[in-house]
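Subject: Structure handover

Hi,

Here is the structure we discussed. Please load it first, then read the notes below.

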Amino acid sequence: MSFFSSSSSSSEAGIPVILFDKSIDDSPFDEVIIDDVEVAFNAAKYLLDCGCKRIVAALGSENLTMSKKRGQGVKMAIKNHGMNDDCCTFIYASNIVTGK
């Protein structure tokens, strides 16, 4: 039995379910998540403000919404700092696993 097929029985049984750091489209559950764009923006901005000229953004799988949003945040910080994307290297977990 998968988690999703048992989710309705969990709520019917009065068992509270809260997702942490994960978001599932059309989920009936409450979620506790961060603003991925803002967090990545702030982290990259901090590094750039400290004088860093090159940044490596190590992210999850390329197809995860979380990774895409965090990449957007890094790119926004770079652009706002007057630099181009060449100053940042993006490494995705899928690349590490497959050795690309």
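A search of the whole structure finds 2 salt bridges. The cut-off used: a side-chain nitrogen of Lys or Arg within 4 Å of a carboxyl oxygen of Asp or Glu.

Before the details, the ground rules. This is a predicted model, in which local features need pLDDT of at least 70 and side-chain atom pairs count only at pLDDT 80 or more, while totals for chains, interfaces and linings use all residues. Residues are numbered from 1 along each chain as its sequence is written, and side-chain values use heavy atoms, with hydrogens and water left out.

**Salt bridges**

Helices here are DSSP runs of H or I with at least four residues, strands are runs of E with at least two, and both are numbered from the N terminus. Asp36 counts as buried because its relative accessibility is 13%. Arg70 is partly exposed, at 24% relative accessible area. The classes are: buried under 20% relative accessible area, exposed over 50%, partly exposed in between (1.4 Å probe, protein chains only).

Lys45 and Asp49 form a salt bridge too, with their closest N and O atoms 2.6 Å apart. These two residues are 4 apart in helix α2, so about one helical turn separates Lys45 from Asp49. Lys45 is partly exposed at 36% relative accessibility. Asp49 is also partly exposed, with 47% relative accessible area.

**Overall layout**

The protein chain has 4 helices and 4 strands. From the N terminus on, they run α-β-β-α-β-α-β-α. Of the 100 residues in the chain, 24% are buried. The accessible surface of the chain comes to about 7100 Å², and carbon and sulfur atoms hold 56% of that. Areas come from the Shrake-Rupley method with a 1.4 Å probe; for residues, only the protein chains shown count as cover.

**Surface patches**

Patches are built from residues with over 30% relative accessible area and no salt bridge; like charges are joined within 9 Å, and nonpolar side chains (Val, Leu, Ile, Met, Phe, Trp, Tyr) within 5 Å. Lys and Arg count as positive, Asp and Glu as negative, and His and the chain ends are not counted. Each charge is placed at NZ of Lys, CZ of Arg, CG of Asp or CD of Glu.

A negative patch on the surface gathers Asp25, Asp26, Asp30 and Glu31. Asp25 lies in the loop between β1 (18–20) and β2 (30–32). Asp25 is exposed, at 69% relative accessibility.

Ile18, Phe20 and Val32 make a nonpolar surface patch of about 310 Å². Ile18 belongs to strand β1. At 44% relative accessibility, Ile18 is partly exposed.

**Gly60**

Where does Gly60 lie? Gly60 is in the loop between β3 (55–59) and α3 (65–80). Its relative accessibility is 24%, so Gly60 counts as partly exposed. Beyond its neighbours within four places in sequence, Gly60 is in contact with Ser67, Tyr92 and Ala93. Gly60 and Tyr92 are 32 residues apart along the chain, with 5.3 Å between their C-alpha atoms.

Best wishes

Conventions
Contact means heavy atoms within 4.5 Å.
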